Amino acid sequence: MNKSNLIPCFLLAAGRGERMRPLTDTLPKPLLKIQNKSLLVWHLEALAKANIQEVVINHAWLGEQIESTLGNGQQFGLHIQYSPEGSALETAGGICKALPIIAPDDYFLVINGDVFSPNLPIAHLLATASKMRADPNKPLAHLFMVPNPVQHPEGDFYLRDSVVSNSKSTGTEKLTFSGIGIYHKDLFKDLEFGAPAKLAPLLRAAMEHNKVTGEKYSGPWHDVGTPQRLQELKAAYE
């Protein structure tokens, strides 16, 4: 991989994991394990394999466990920094707070810490980021979309070709946002540093200006949202 194609990655790990209780009463949700590897380690190994080196992880609930478990990332061949939040700032608020640490020139990759996608094509995402840089329209986001899971049948956004929108039109398919995306720093430029903020309103506003691209991913992807889903994944993969 050409180093000029590399971008930093931000892993979202600040959620309380209420639906995963009681497992998350004493353990951060992203440290729950499948095949004896935590969800975060699955992501970190995939990032290292794609030669990404700079990783930032935010945390709030029991965040010290994340830091003590993963350290500075040397064991993975990565350089990990942390963005502690105290109380969770929601997705966009957490990204905004971490931007000075992520320090992107333009684009960076973001992955939810509580999704399980064992064959995640990081190299493809890096190539996509390079195309975004060369695009005169300079998209503010590129979303990995997945077929709607049982627990989220209504989906999130509409996809037609490579354009993501908030409204239905001819030829669109409504899909679920995977929690995996590439973002331009300017998507967050109007947020107040350190204040909670949700990601969806920013994406919808950018969609109104045709600034959000995306693609459908049909590979294995799971939202590890409840103890039952975790057990089902363990049964399937172990």
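Student: Let's start with helix H2. Which of its residues are buried?
Tutor: H2 runs over residues 63-70, and its buried residues are Gly63, Ile66 and Leu70. Keep in mind that this is a predicted model.

Student: How are those buried residues placed around the axis of H2?
Tutor: They fall within an arc of 55 degrees when you look down the axis of H2, so they line one face of the helix.

Student: And what is exposed on the other side of H2?
Tutor: Glu64 and Ser68 are exposed there.

Student: What covers the buried residues of H2?
Tutor: The cover includes H1, S4 and strand S5, which is 79-84.

Student: What comes just after H2?
Tutor: Gly71 does, and it takes a positive phi of about 60 degrees.

Student: New topic. Which residues of the largest nonpolar core touch the most other members?
Tutor: Leu47, Leu70, Leu109, Ile111 and Ile122 do, in a core of 36 residues.

Student: What does Leu47 touch?
Tutor: Leaving aside residues up to four places away in sequence, Leu47 touches Cys9, Leu11, Ile52, Val55, Leu78, Leu109, Ile111 and Ile122.

Student: Why would nonpolar side chains be buried together?
Tutor: They tend to be in soluble globular proteins.

Student: You listed Cys9. How many disulfides are there in the whole structure?
Tutor: A search finds zero. For Cys9, the nearest cysteine sulfur is that of Cys96, 18 Å away. Cys96 is in no disulfide either.

Student: Is Cys9 buried or exposed?
Tutor: Cys9 counts as buried, at 1% relative accessibility. Cys96 is buried too, with a relative accessible area of 8%.

Student: Where does Asn51 lie?
Tutor: Asn51 is in the loop between helix H1 (39-49) and strand S4 (54-59). Its relative accessibility is 39%, so Asn51 counts as partly exposed.

Student: How far apart are Asn51 and Leu78?
Tutor: They are 27 residues apart in sequence. In space, the distance is 8.7 Å, C-alpha to C-alpha.

Student: Now H6. Which of its residues are buried?
Tutor: H6 covers residues 227-237, and Arg229, Leu230 and Leu233 are its buried residues. Seen down the axis of H6, they fall within an arc of 100 degrees, so they line one face of the helix. Gln228 and Ala235 are exposed on the other side.

Student: What do the buried residues of H6 pack against?
Tutor: Three strands: S2 (33-34), S7 (115-116) and S13 (222-223).

Student: Zoom out. How many helices and strands are in the chain?
Tutor: Six helices and 13 strands. The radius of gyration is 17 Å, close to the 18 Å that the globule rule gives for 238 residues, so the chain is as compact as a globular protein of that length. The C-alpha trace spans about 45 × 35 × 35 Å along its principal axes.

Student: What share of the residues is buried?
Tutor: 50% of the 238 residues in the chain.

Student: And what about contacts between residues at least 6 apart in sequence?
Tutor: Of those, 74% join residues at least 24 apart.

Notes. Residues numbered from 1 in each chain as written. Predicted model: local features only at pLDDT ≥ 70, side-chain atom pairs only at ≥ 80, totals over all residues. Heavy atoms only, no water. Buried < 20%, exposed > 50% of the residue type's maximum accessible area, 1.4 Å probe, protein only. Helix = DSSP H or I, 4+ residues; strand = E, 2+ residues; numbered from the N terminus. Arc of directions from axis to C-beta. Contact = heavy atoms within 4.5 Å. Core = buried A, V, L, I, M, F, W, Y, C linked by side-chain atoms within 4.5 Å. Disulfide = S-S within 2.5 Å. Rg over C-alpha atoms; globule rule 2.2 N^0.38 Å.
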